Amino acid sequence: MSTIALTAPAAMPGAPARSSGYLVLAPSCLVLTIFFALPMGTMIGMSFMDAQTLSPTLLNYQRFFSDGLSLAGLYRTAVMSILVAVCVTVLGYPVAYYLARSRSRWRALVFALALAPELAGVVLRTYGWLIILEDRGFINDMLINLGLIASPLPLSKNLFAVVVGLTHVVLPFGILSLTTSIQGIDPNLERAAQMLGASRLSVIRHIILPLSVPGIVSSLLISFTMAASAYATPALLGGARFKVLATMIYEQVLFYIDWGFAAVMAIALLIMMLAISFLGIRYETRRGNRRSNREGEAS
Amino acid sequence: MNRVLTCLFWLAIALVLTFITLPLAVVVAASLSPSSAVTFLPWEWTTVWYGNLLADRWLQPFLLSVKIATVVAGISGVLGVLAAYAVVYERLPGSTAIMAGLLSPLSVPQIVKGVAIVLFLSIIGLQGVLGTPALIAAHVVLALPFVTRMAATSLANFDGNLDRAAQSLGATKRQRLQHIVLPMIKPGVLSGVTFAFIISFNNIPLSVFLVRPGDTTLPIAVINYLEYSLDPVMAAVNVASMIFILTVIFLFEKVGGFSAQLHGGSK
């Protein structure tokens with residue numbers, strides 16, 4: 001995604017002032033080196049060090065794999081992120097299909113409703129879900145008032161609440177990537193199938209779904225990575241009863257002040273994210289290869 | 001059969017849109033509710049909670065957030081344009097690698113960047129800069145790649161013939177930059193800068209490590225408060241900050257941001 005700018009022809013032939021070119025590049029490089037590259041290096045170094053004596057050790061990693069809590073946190077993070085990815089893609093698909101195909105004047109409204117919450121910021125939306133899901137919140141209050149339940153249902157401070165909150169946070173991004181993909185499918189294929197007598201259901205099953213697999217994959221990947229690295233929503237909706245890697249890292253740094261171990265957890269999260277992105281890139285290149293092979297055969 | 005499917009389709013869309021708007025509606029309702037316990041939909045309403053916004057407790061973090069977001073937008077705007085200019089316009093050797101380096105922070109989760117920065121500052125003995133300076137530096141690292149990418153895309157997409165025409169008519173490089181290149185990429189840069197402002201203003205995962213007591217940004221003040229109380233003041237604070245963000249977007253839009261870019265930036 002980042003190479004678009006570079007493959008397009010540059011505006012102007014390279015000017016002779018190469019040195020001034022490097023000079024204007026310097027501030028960005030300096031800032032990123034001091035506040036990104038060096039900190040990342042320090043963090044990786046710290047993960048191999050004893051926090052007190054600063055002598056090299058593998059104990060932090062050993063602890064991560066043996067204390068039971070950390071791997072459980074990693075597992076919870078993965079389960080939560082997979083659930084969010086699936087929910088976002090399933091909920092986003094009908095809306096994306098509508099946005100991609102509709103010509104009606106309601107389209108703009110649906111588009112605004114689907115994407116505007118993104119501007120509201122994560123805290124406001126998470127706060128909304130807190131009010132709705134809390135023990136004394138909107139839903140429990142209503143059910144108790146109606147006499148349907150005697151004691152509040154456990155709707156907050158658990159996996160359910162975090163998945164609901166994160167699905168809400170990530171949904172606009174899922175809808176955007178699905179919409180782009182569905183827009184790329186030729187609508188004539190659907191029309192042709194319908195004319196030949198295919199039912200709506202078989203058009204969906206045999207044409208739309210298979211052709212939008214790339215969009216589905218990218219929606220799943222975006223949602224997974226966004227969910228796995230989210231901090232505020234799991235912190236507020238999961239609380240102390242449902243901890244994921246992001247909130248555990250925060251605790252290690254600010255409460256236990258165990259930097260080496262915090263570094264290991266951060267690296268675990270980073271590796272999980274990079275692995276998922278790598279799968280995505282490999283899927284993309286494979287698909288690209290298959291397509292160019294097919295075109296090669298056709299010509 | 002087909003009719004059932006169509007009905008299901010509309011039902012699904014309606015449900016998803018309700019799901020998306022519900023929490024926002026609930027927060028707005030809570031901010032106007034006269035009862036201090038945020039429970040049911042209010043049948044009467046009041047603006048009394050909004051009166052609390054001017055208390056130091058919320059005003060200080062708000063002003064700090066605005067200050068930091070403004071500085072971050074300014075710094076990342078300038079640095080991003082310079083970097084994009086060097087890589088795309090001057091086409092320095094090794095631009096692909098340089099660009100990959102400039103965009104690399106995007107592939108690291110914010111919380112990991114936050115840990116890394118706080119560990120680094122502590123190790124080199126600069127815990128003293130936690131608070132505003134550290135927040136600004138961290139937010140710039142976060143925003144800069146986005147601004148660089150938007151500026152680079154604008155630079156790569158604009159019609160180079162305009163520039164060449166000006167050159168053949170004898171315009172100096174300085175004149176071309178001032179009268180052609182900068183105006184052409186202005187919409188892209190402005191949306192990048194707006195974006196930088198918003199991600200700094202709303203940021204939690206980096207700020208949470210870098211704030212200092214008495215030097216807290218608004219979202220952090222809000223989540224700290226939410227840990228022990230859900231009262232309607234929070235709803236008022238949240239609604240007010242959303243209105244603020246929408247105003248900022250509207251103002252930048254007026255100056256020629258998003259929609260100008262959507263129309264191809266060809267003004």
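Q: How far apart are the end C-alpha atoms of residues 74-280 of chain A, and how much of that span is helix?
A: They lie 20 Å apart, and the span is 77% helix and 0% strand. Helices here are DSSP runs of H or I with at least four residues, strands are E runs of at least two, and both are numbered from the N terminus. This is a predicted model, where local features need pLDDT of at least 70, side-chain atom pairs count only at pLDDT 80 or more, and totals for chains, interfaces and linings use all residues. Residues are numbered from 1 along each chain as its sequence is written, chains are lettered from A and ligands numbered from 1 in the order in which they are written, and side-chain values use heavy atoms, leaving out hydrogens and water.

Q: What does UniProt call residues 74-280 of chain A?
A: An unreviewed UniProt entry gives them as "domain: ABC transmembrane type-1". UniProt positions follow the numbering used here, feature names are shortened, and annotations may be inferred rather than shown by experiment.

Q: And which residues of chain A does UniProt list as "transmembrane region"?
A: The unreviewed entry's list includes 159-182 and 203-233. In the model, residues 159-182 of chain A are 100% helix, with end C-alpha atoms 31 Å apart. Residues 203-233 of chain A are 90% helix, and their ends lie 38 Å apart.

Q: Ok, A:Ser181: where is it, and is it buried or exposed?
A: A:Ser181 is in helix 8 (residues 159-183) of chain A. It's buried, at 18% relative accessible area; buried means under 20%, exposed over 50%, partly exposed in between, using a 1.4 Å probe and protein chains only.

Q: What does A:Ser181 touch, leaving out residues up to four places away in sequence?
A: A:Ser212 and A:Gly215, where contact means heavy atoms within 4.5 Å. A polar atom of the A:Ser181 side chain lies 3.4 Å from the backbone nitrogen of A:Gly215.

Q: Switching topic: how many residues of chain A are in contact with chain B?
A: 81 residues of chain A, meeting 96 of chain B. The two chains bury about 7,900 Å² between them, 82% of it on carbon and sulfur atoms. That buried area is the accessible area (1.4 Å probe) that two parts lose on being put together, summed over both.

Q: Which helix gives the largest share of chain A's side?
A: Helix 2 (residues 18-47) of chain A, with 18 residues.

Q: How many salt bridges cross the interface of chain A and chain B?
A: The rule finds 0, looking for a side-chain nitrogen of Lys or Arg within 4 Å of a carboxyl oxygen of Asp or Glu.

Notes
Polar contact = N/O pair within 3.5 Å; in protein donor to acceptor, adjacent residues only side chain to side chain.
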